[in-house]
Amino acid sequence: MTQPFPFSAIVGQEEMKQAMILTAIDPGIGGVLVFGDRGTGKSTAVRALAALLPPIQAVASCPVNSPSLDRCPDWAHLTSTEIVTRPTPVVDLPLGVTEDRVVGALDIEKALTNGEKAFEPGLLARANRGYLYIDEVNLLEDHIVDLLLDVAQSGENVVEREGLSIRHPARFVLVGSGNPEEGELRPQLLDRFGLSVEVSSPKDIDTRIEVIRRRDSYEMDYEGFMETWRPADADLREKIIAARNHLKTMKSDEAVLRDCAELCLALGSDGLRGELTLLKASRALAAFEGADAVSRAHVRQVAPSALRHRLRRDPLDEAGSTTRVGRVVEEVLGEPA
Amino acid sequence: MPDGIWTRVEIGLNALAVDPAGLGGLWLRARSGPVRDRVIEALPALPLPLKRLHPSIGDEQLFGGIDLTATLSSGKLVERAGLLAEPAILVLPMAERTQPGLAARLAGALDQGTGHCLVAMDEGAEPQETLPEALTDRLALHLDLDALPWGQTERIAMDGDALAAARARLPGVRAGDKVLEDLTILAVRLGIDSLRAPMLALKAAKALAALAGNDEVDQDDLSAAVQLVLAPRATQFPEEEPDEDEQPPQDPPPPDPDPEQNQNDQDEGESQSLDDLPLQDILLEAAKATLPADLLANLAAQKAQRAGGGISGAGAKRKGNRRGRPIPPRRGRLDTGARLDVISTLRAAAPWQTIRKRESSFERSLHIRTDDFRIKRFEEKSDRLLIFVVDASGSAAMTRLAEAKGAVELLLAEAYARRDHVALVAFRGEAAELLLPPTRSLVQTKRRLAALPGGGGTPLAAGLKTALELAIQSKGRGMTPTVALLTDGRANIALDGTANRTMATEDATRMATAIRANGYPAMVIDMGQRPERSLKALAETLGAPYIPLPRADADRLSTAVSAALDA
């Protein structure tokens with residue numbers, strides 16, 4: 001089993017990488033949406049993220065990765081009660097997935113052979129405490145989107161079907177990628193993502209050449225390439241773990257809160273999710289940089305990712321949401337120092 | 001490499017046979033016929049099993065599922081592998097009908113590195129009937145055989161031993177750093193944005209080098225790879241200067257990446273050496289030799305297709321607001337890719353168990369027969385929303401409005417059969433107003449329509465803007481909006497409410513462009529005494545049919561709208 005392309009070896013796309021690192025530090029930020037052109041490394045980055053995340057402690061045979069025995073759901077048949085360290089789960093939600101596979105369903109084999117009513121956990125169970133990745137998220141069937149919204153909201157998966165009545169925790173970070181040319185995303189789902197980034201092909205020749213060069217050496221000399229980049233990935237992982245610890249003591253004073261609120265007000269974003277995400281992301285960034293407190297510079301840096309997708313659509317504005325956010329950030333927070 | 005399409009076909013297929021997974025596959029644009037058959041005859045030389053897909057193939061067949069007949073007869077769960085389980089040459093006929101959903105699934109399968117190779121046979125008749133871009137981007141070889149007469153083709157030579165030797169050699173084939181750079185720069189000069197293209201060109205060159213028995217990619221391999229992979233993807237003729245405006249202004253690339261510069265600045269040295277000059281030029285010539293003459297025309301067609309958001313060959317698939325809602329199961333056969341409703345099936349079988357056990361000659365805990373099978377059914381529906389944008393300005397307003405109201409009522413009466421919703425936007429004076437939010441309720445409609453005043457200027461742009469906003473909003477709710485504009489005049493009130501004819505026209509054009517860019521179909525109904533030229537122009541901007549309908553009554557109006565919708 002070959003490992004995915006190393007996260008640190010991804011050329012450019014700084015905003016996308018930053019967004020992914022921030023959610024790794026604070027999953028409460030609530031997921032990343034990556035929208036952009038073809039062949040820009042969207043999927044590569046998401047798959048690379050999996051290898052980068054710090055491992056979790058979980059009960060070995062628990063279908064929902066519970067951290068301790070008493071948290072395991074009662075329907076689970078535990079075959080081993082050992083606590084093991086395992087990679088943070090990153091579960092792929094394929095586009096053609098059926099409802100049964102997402103939420104879980106009656107175990108047909110047990111039902112037919114033993115007449116036993118057993119639950120076969122779905123993808124949501126496996127994604128608990130981890131990441132749920134949806135490629136081409138804008139093409140996902142509506143009824144699956146509804147399901148996800150429901151569960152993402154409550155953090156719990158409730159299965160009431162085929163004579164089953166089961167619930168289990170399902171807290172996960174949504175990561176979606178897609179190409180906006182193929183379809184829009186429903187605002188409800190859009191809002192569910194904490195951060196959103198737009199990626200495009202690099203316009204500069206040297207960068208493009210570097211992308212091709214690294215991809216080629218990854219494919220031609222896999223061992224050597226991984227050897228080269230493993231330390232950089234390990235460093236990044238250490239920094240993320242350090243930032244997680246640092247997060248608890250991170251200070252954010254009144255002025256920063258005011259900045260966040262004013263920004264959201266000026267942009268007319270709905271609800272208070274914008275402010276919260278902006279604050280959390282700024283705090284995670286400050287922790288990542290090892291700062292003592294959140295500053296205006298942090299807010300400025302994460303504002304585009306945190307607010308871009310929360311703007312009301314203005315069909316007359318041809319500038320695009322990134323420019324609009326940039327404009328308002330400048331108006332509210334002033335020019336960067 | 002000699003010119004001639006057929007030579008390229010031959011070289012391309014040989015390259016594909018050396019590295020099918022690496023090259024991703026082949027986009028073959030050709031109508032069904034003997035020319036295409038010659039290509040298909042060569043496919044068995046590829047080192048993977050051939051599997052045939054269908055544009056409407058279901059997920060069960062692609063990804064596998066439960067084999068019910070086997071499961072029930074053995075009493076154990078028997079899974080059936082999907083077509084994508086093992087590496088294969090996936091042959092997709094009628095590829096122009098591929099829906100975005102299937103394209104995404106196949107693209108995912110190609111990306112996962114399980115070693116699939118897709119041969120997409122695109123039989124599109126019109127330029128805009130074609131394979132979704134998610135796939136074309138991932139398939140290295142693009143071949144267009146539509147104009148090729150049978151006389152210029154011959155049997156494709158595939159030498160099995162040579163191919164096997166080349167496959168063995170392939171992992172050791174190297175390409176210099178310079179080659180990588182050249183391919184990337186060349187791709188930019190040809191206006192190819194995706195970074196997959198130079199990567200695929202590199203793989204093609206390596207496959208060809210392996211075929212030639214070399215360990216190093218040479219110039220001929222590169223030329224051929226450029227012709228096969230890069231030239232068909234070109235979006236501009238390489239003579240053109242790269243578009244400087246596209247560079248993000250805040251981030252000027254420090255070592256000037258302008259390819260012209262790289263080519264001409266021999267003194268600079270930098271990362272480019274003198275040797276680059278000839279090779280890049282040779283490659284560029286190779287690319288030029290195969291650039292299709294109608295390059296720009298084709299591009300325009302593809303753009304139009306994208307803006308329209310649909311694949312014409314497949315018919316506009318509606319995205320339903322009630323799609324995939326489960327509805328009660330019913331008896332059915334399992335062979336149509338249907339999904340079994342286990343509980344209903346067991347329930348149907350339950351009453352017969354004792355009788356069947358008595359009759360049965362063998363011991364089994366459950367006796368389930370084909371008759372018991374209950375199939376899950378899902379409802380898939382999409383509602384069309386017809387947004388009437390009605391001119392309520394000027395003196396003729398009262399009659400026109402009355403007709404529009406009548407037409408709305410008539411269309412609504414048919415709405416249950418047609419699954420249509422109707423909304424009404426009126427514009428007059430300085431602004432537009434949403435008189436009737438999307439509805440199917442006749443009662444509500446009549447009530448709202450009763451009190452509609454008329455008179456004043458013609459704020460056409462404001463009307464279109466309101467319609468666009470409504471269209472965007474309702475599309476988010478899963479409806480399929482169509483804009484029907486009813487007017488007789490030209491715009492004379494600008495968006496900001498000032499009476500400025502020039503600005504008003506400009507604003508109206510801008511809004512029309514926005515509606516078209518969002519991909520909403522429209523129609524323009526001219527209700528004036530004689531046709532208004534500016535409306536015809538507006539219809540063109542909207543990409544919409546222009547229907548002159550003087551002195552229309554509600555009946556004729558509703559007939560015209562129905563006809564335009566069904567066209």
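**A tour of helix packing and nonpolar cores**

In this predicted model, begin by selecting helix H11 (residues 273–288) of chain A together with helix H12 (residues 296–307) of chain A: their axes come within 9 Å and cross at roughly 130 degrees. An angle of this kind is neither roughly antiparallel, which would need over 145 degrees, nor roughly perpendicular, which covers 65 to 115; H11(A) and H12(A) are therefore oblique to each other. The crossing of H11(A) past H12(A) is right-handed.

Next, display the side chains where these helices meet. From H11(A), the residues include Gly274(A), Leu278(A), Ala281(A) and Leu285(A); from H12(A), they include His298(A), Val299(A), Val302(A) and Ala306(A). The contact of H11(A) with H12(A) comprises nine nonpolar residues, five polar and no charged.

Remain in chain A and select helix H1 (residues 14–25) and helix H9 (residues 222–247), whose axes lie 9 Å apart at an angle of about 50 degrees. H1(A) and H9(A) are therefore also oblique to each other, and their crossing is right-handed. Ile21(A), Ala24(A) and Ile25(A) of H1(A) touch a set in H9(A) that includes Leu236(A), Ile240(A) and Arg244(A).

Now turn to chain B and select Leu26(B), Leu145(B) and Leu230(B), the residues with the most contacts inside the largest nonpolar core, which has 66 residues. Helix H10 (residues 196–211) of chain B gives the most to this core, namely 11 residues. Apart from this core lies another, of 60 residues, with Leu195(A), Leu236(A), Leu278(A) and Val302(A) among them.

Key
Residues numbered from 1 in each chain as written. Chains lettered and ligands numbered in written order. Predicted model: local features only at pLDDT ≥ 70, side-chain atom pairs only at ≥ 80, totals over all residues. Heavy atoms only, no water. Core = buried A, V, L, I, M, F, W, Y, C linked by side-chain atoms within 4.5 Å. Buried < 20%, exposed > 50% of the residue type's maximum accessible area, 1.4 Å probe, protein only. Helix = DSSP H or I, 4+ residues; strand = E, 2+ residues; numbered from the N terminus. Axes fitted to C-alpha atoms, helices over the stretch in contact; angles between N-to-C directions. Parallel < 35°, antiparallel > 145°, perpendicular 65-115°, else oblique. Left-handed = near helix turned anticlockwise from the far one by under 90°. Contact = heavy atoms within 4.5 Å. Nonpolar A, V, L, I, M, F, W, Y, C, P; charged D, E, K, R; others polar.
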